[in-house]
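I opened a notebook page for this one and went through it feature by feature. Here is what I looked up, in the order I looked.

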Amino acid sequence: MTEKFLICIDLDGTLLRDDKTISEETKKYLRFLETQGHYVCLTSGRPTYNVKKYYDEIGLKSSPIISFNGHLAKNLEKNIEYLSHYFSKEEVLSLYETLRANNLGSTFLVMNENKIFVTKKDDFLLAFYSSNETEINISENFENIFNIDSVLNIVFSLNSFNDKERTIKLINENFPNYDPRFWGDYPFCEIYKKGVSKSNSIDELASVLNIKSDHIIVFGDAQNDYEMIKNHPNNYVMKNGLDRLKNIAKNVTEFDNNNDGVLVELKKIFS
């Protein structure tokens with residue numbers, strides 16, 4: 001194939017095995033695809049620095065990444081920002097105060113590319129979001145520690161799964177430009193800018209890179225991959241993925257994430 005493809009691959013549950021590793025054979029093939037002129041775009045809900053860890057481990061050089069579930073897309077090597085969707089300081093404080101007034105969100109966390117602000121220490125969230133490069137600020141007096149105007153991620157814990165409907169109603173009534181999304185079996189809600197998703201950012205990125213829509217390939221497994229699977233016909237849901245995604249997918253991988261499912265399908269496409 002001589003025309004360039006934009007190959008968008010989710011990390012957790014898709015490219016990464018359950019132990020958060022990638023096989024050497026997969027790394028080698030992804031590097032090969034990049035040398036052939038294709039873009040291998042790691043597309044994740046993780047922060048930029050957590051995506052960069054795998055970008056460097058694979059040995060990619062010129063491909064973009066999409067992080068924060070579509071709120072940011074960058075070329076890491078050239079430090080080019082292709083697109084960004086930030087929350088302002090005023091937006092964040094308004095949301096925080098509204099949640100607190102309605103007894104929602106026992107833990108409230110916001111972050112940009114290198115700073116985290118959180119109302120209490122949550123080992124699960126900090127293990128997912130933090131790194132050696134991250135400045136972590138923890139205080140119940142959130143207003144006293146929060147001092148940035150370029151937030152890329154907002155997530156808060158639910159006091160109970162029974163709070164989901166109340167949370168949706170509160171957000172819809174008070175913040176019509178926000179979209180609340182829940183973490184499956186985990187008691188967390190993440191706030192998106194309305195219309196921002198991996199899917200929309202893939203389309204924005206493809207436009208910048210002059211990639212035709214039929215030259216976009218996507219791989220995913222989880223709820224935050226739903227839109228990109230639904231909206232991109234060259235889609236692959238992992239064998240281990242959610243049934244909800246499999247029900248709308250054109251393709252389901254022959255093998256799961258622990259057995260090079262992405263690699264096997266890419267070799268079928270590009271061989």
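This is a predicted model: local features need pLDDT of at least 70, side-chain atom pairs count only at pLDDT 80 or more; totals for chains, interfaces and linings use all residues.

**Salt bridges**

For my own bookkeeping, I count a salt bridge when a side-chain nitrogen of Lys or Arg sits within 4 Å of a carboxyl oxygen of Asp or Glu. My search of the whole structure turned up 19 salt bridges.

I started with Glu265 and Lys268, whose side chains meet in a salt bridge at 3.4 Å, N to O. That distance makes the list because the cut-off is 4 Å. Both residues belong to helix H10 (residues 261-270), where they are 3 residues apart, or about one helical turn. I reminded myself that an α-helix has 3.6 residues a turn, so residues three or four places apart point the same way.

Next I looked at Lys52 and Asp56, which form a salt bridge at 2.6 Å, N to O. They lie 4 residues apart in helix H2 (residues 48-58), again about one helical turn. Lys52 is partly exposed at 34% relative accessible area, and Asp56 is partly exposed too, at 39%.

My last pair was Asp123 and Lys121, with their closest N and O atoms 2.4 Å apart in a salt bridge. Here I noted that Asp123 is exposed at 54% relative accessible area and Lys121 is exposed at 58%.

**Cysteines**

How many disulfides does the structure hold? I got 0. I then took Cys41 as a case to follow up: the nearest cysteine sulfur belongs to Cys8 and is 4.4 Å away. Cys41 is in no disulfide because a disulfide needs the two sulfur atoms within 2.5 Å. Cys41 is buried, at 0% relative accessibility. I looked up Cys189 as well, and it is buried with a relative accessible area of 0%.

**Back to H10**

Since H10 had already come up, I asked what surrounds it. Of its 10 residues, 7 are buried, so the helix is largely enclosed by the rest of the structure. I wrote down the buried ones: Gly261, Val262, Leu263, Glu265, Leu266, Ile269 and Phe270. What do the buried residues of H10 pack against? I found strand E1 (6-9), H1, strand E12 (216-220) and strand E13 (235-237).

The axes of H1 (residues 24-35) and H10 come within 10 Å and cross at roughly 35°. The crossing is left-handed. From H1, the contact is made by Glu25, Thr26, Tyr29, Leu30 and Leu33; from H10, by Leu263, Leu266, Lys267 and Phe270. I sorted the residues of this contact by type and got 6 nonpolar, 1 polar and 2 charged. Leu263, Leu266 and Phe270 turn up both among the contact residues and among the buried residues of H10.

**Positive phi**

I checked backbone angles next and marked two asparagines. Asn69 has a positive phi of about 55° although it is not a glycine. I placed Asn69 in the loop between strand E3 (64-67) and strand E4 (72-75). Asn103 also has a positive phi, near 55°, and lies in the loop between helix H3 (89-101) and strand E6 (108-111).

Are these two asparagines buried or exposed? Asn69 is buried, with a relative accessible area of 3%, whereas Asn103 is exposed at 57%.

**Tyr186**

I finished with Tyr186, which lies in the loop between strand E10 (178-182) and strand E11 (188-193). I have Tyr186 down as partly exposed, with a relative accessible area of 44%. What is Tyr186 in contact with, leaving aside its neighbours within four places in sequence? My list has Phe124 and Phe161. I also checked Tyr186 against Ser199: they are 13 residues apart in sequence and 23 Å apart in space, C-alpha to C-alpha.

How values were computed. Residues are numbered from 1 along each chain as its sequence is written. Side-chain values use heavy atoms; hydrogens and water are left out. Buried means under 20% relative accessible area, exposed over 50%, partly exposed in between (1.4 Å probe, protein chains only). Axes are lines fitted to C-alpha atoms, for helices over the stretch in contact, and angles run from 0 to 180 degrees between N-to-C directions. A crossing is left-handed if the near helix is turned anticlockwise from the far one by less than a right angle, and right-handed if clockwise. Contact means heavy atoms within 4.5 Å. Ala, Val, Leu, Ile, Met, Phe, Trp, Tyr, Cys and Pro count as nonpolar, Asp, Glu, Lys and Arg as charged, and the others, Gly among them, as polar.
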